[in-house]
Amino acid sequence: MTMSGQCLCGQYRYSIAAEPMMTAVCHCKSCQRQSGSAFSTNIGVLEAAIESEGELKVFDETAESGNLVHRHFCGSCGSPLYSTLSAMPGLAFLKAGTLDDTAAVAPQTHVWCKSAQGWIEIDESLPRFDANPPAG
């Protein structure tokens, strides 16, 4: 599978020729703030599989879990593109909204549900976790 996408202004473009490892909806307060919405839909991929053109800036944040989150975003338009986590080296979590074609995106789990907005309906058939899922 090949995925491609870009930031809002097009200064940064990427492609990935690899299968997504997972798709999760994150309801943590940081994802709410960085997305300007109630959650962020993230696609886990190997960071080494990302081929890109353009420059990104990085904002480092210490998450509620205590882990360091590196938020990669376009310095021109501010679009968040992906995040990497100190606790999961080698993985990147793409922001699904930056994909050119989002037709194949289907959430597989919901995380940080303890921070979910009360007006969001979470599909009861999907796994859900109050915080991060257990390792392993």
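Biologist: How many helices and strands are there in the protein chain?

Modeller: This is a predicted model, in which local features need pLDDT of at least 70, side-chain atom pairs count only at pLDDT 80 or more, and totals for chains, interfaces and linings use all residues. Residues are numbered from 1 along each chain as its sequence is written, and side-chain values use heavy atoms, with hydrogens and water left out. Helices (H or I, at least four residues) and strands (E, at least two) are DSSP runs, numbered from the N terminus. Counted in this way, the protein chain has one helix and ten strands.

Biologist: Which strands stand at the edges of the open sheet of seven strands?

Modeller: Two strands pair if DSSP finds at least two bridges between them, and with mixed pairing the order in this sheet is E6-E7-E8-E9-E4-E3-E10. Two of these strands have a single partner strand each, so one side of each is left without a neighbour in the sheet: they are E6 (57-62) and E10 (109-111).

Biologist: Which residue in E9 is the bridge partner of Asn42?

Modeller: Strand E4 (residues 40-46) and strand E9 (residues 91-95) run antiparallel and are joined by five bridges. In E9, the partner of Asn42 is Lys95.

Biologist: What percentage of the 136 residues in the protein chain is buried?

Modeller: A residue is called buried when its relative accessible area is under 20%, exposed when it is over 50%, and partly exposed in between (1.4 Å probe, protein chains only). By this definition, the buried share of the 136 residues is 36%.
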